Amino acid sequence: MRRLALSAAALLCCSGAVAAGGSFTDDFDGPAGQGPDGSKWTTETGDNVDNHEREYYTPGNANAKLDGQGHLVIEARKENPGNYQCWYGRCEYTSARLNTSGKFSAQYGHVETRMKIPRGQGMWPAFWMLGDDIGSVGWPNSGEVDIMENVGFEPGSVHGTIHGPGYSGADGIGAGYTLPGGQAFADAFHTFAVDWSPNSITWSVDGQTYQTRTPADLGGKTWVYNKPFFLILNLAVGGYWPGDPDGSTPFPSQLVVDYVHVTTSNTTPPAGTHTITGIGGKCMDVASASNANGTPVQLYDCNGSNAQAWTVGSDGTLKALGKCLDATGNGTADGTQLQLWDCTGGANQKFTPNAAHDITNPQANKCVDATGQSSANGTRLQLWTCTGTSNQKWTVN
């Protein structure tokens, strides 16, 4: 539930100055006390009246520095040594906020951080993205993707949200993820990520997918996520959503970041996934990169996107975008079309790649087949009696 904040000049001066593409890696290696890498991050300054946050974001390494052990530490303190002035008067707290505007932006890919968040009423750590065109179109038309937010009164839960025109602020569209067994996120490091493709964003915690959003979720409103976005890391104190700190809130409080990695979709698919190539060297592909139930599975030029990143499960499933390859209607007849569907454990979602380069559905005793022996983009995949022809041969890379 972020909103464009403070220091608009720091955000907007350079938006769009860097073309999207390539990977981003910051493992925060360096001597203790050193500030964030200035070639990768801009340190914003100021307060945030829009959210009614209580902190002042300081410059340099005052509240954001390396610990010498491969971590970035963003620290919120109950202090004001610089006599900073906030929207409500003399600021009561200091903290830090970093962004990559003008230095790095991405369009599609796997965006991931590993961090240990603070605990306490009023704490509001976040890892998020804003559209690179914010300087020209403003917020929320720029779009915002909240990869991870936590509010201190929910120690075991985090949230992932999108904000855009007509669905911003409290009307943002998203979901939460809660740790099992009453665990708190502040007790250990956790990994937060999105897999972002054209018309699809999927959120995960520690590798567990918990939601996917597509244009179908917007009720006719505009999807503004098929363009470059830049990254933001911050630790807010107080605000409309988390509420203010109280006597139980520990200070100083630390957001400890182990790394931030971005692998864009024109490079390597997420770890543990495979491309599956067939006739004409084309890839098994989820149409429009949508994970809506019933989305066709087809042949398409190989492009390294998450729509072509398949997990071969030990349970016999083939998964992409968090869902399973599925024989429509539990069909077994020749011509049964293949689609993406919620994983159910059914026999129509079991597929076996073999040494002969067939992928078979044991229930139907039939092969995955490119319709009409075509290698054209968009050729629908189906089940068909195994014939040994080239349109039924697949290589799992």
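Two strands count as paired if DSSP finds at least two bridges between them. Strands (E, at least two residues) are DSSP runs, numbered from the N terminus.

This is a predicted model, in which local features need pLDDT of at least 70, side-chain atom pairs count only at pLDDT 80 or more, and totals for chains, interfaces and linings use all residues. Residues are numbered from 1 along each chain as its sequence is written, and side-chain values use heavy atoms, with hydrogens and water left out.

**The sheet**

Strand S9 (residues 97-99) and strand S18 (residues 229-237) run antiparallel and are joined by 3 bridges. Asn99 has Ile232 as its bridge partner in S18. Both strands belong to an open sheet of 7 strands, ordered S2-S9-S18-S11-S12-S13-S14, with antiparallel pairing. Strand S2 (42-43) and strand S14 (173-178) stand at the edges; each has a single partner strand, so one side of each lacks a neighbour in the sheet.

**Cys86**

Cys86 sits in strand S6 (residues 85-86). Is Cys86 buried or exposed? Cys86 counts as buried because its relative accessibility is 9%. The cut-offs are under 20% relative accessible area for buried and over 50% for exposed, with partly exposed in between (1.4 Å probe, protein chains only). Leaving out residues up to four places away in sequence, Cys86 touches Asp47, Arg54, Glu55, Tyr56 and Cys91. Contact means heavy atoms within 4.5 Å. Asn303 is 217 residues from Cys86 along the chain, and their C-alpha atoms are separated by 48 Å.

**Pocket and cavity**

On a 1 Å grid over the protein atoms alone, a pocket is an open set of points with protein on both sides within 12 Å along at least five of seven lines; a cavity is a set where a 1.4 Å probe fits but cannot get out; lining residues have an atom within 4 Å of a point. A volume is the space filled by probe spheres set on the points, which are joined across faces, edges and corners.

The whole structure holds 2 cavities of 30 Å³ or more.
|---|---|---|
| Second largest pocket | about 150 Å³ | 7 nonpolar, 5 polar, 1 charged |
| Largest cavity | about 40 Å³ | 6 nonpolar, 3 polar, 1 charged |

Here Ala, Val, Leu, Ile, Met, Phe, Trp, Tyr, Cys and Pro count as nonpolar, Asp, Glu, Lys and Arg as charged, and the others, Gly among them, as polar.

How values were computed: Helices (H or I, at least four residues) and strands (E, at least two) are DSSP runs, numbered from the N terminus.
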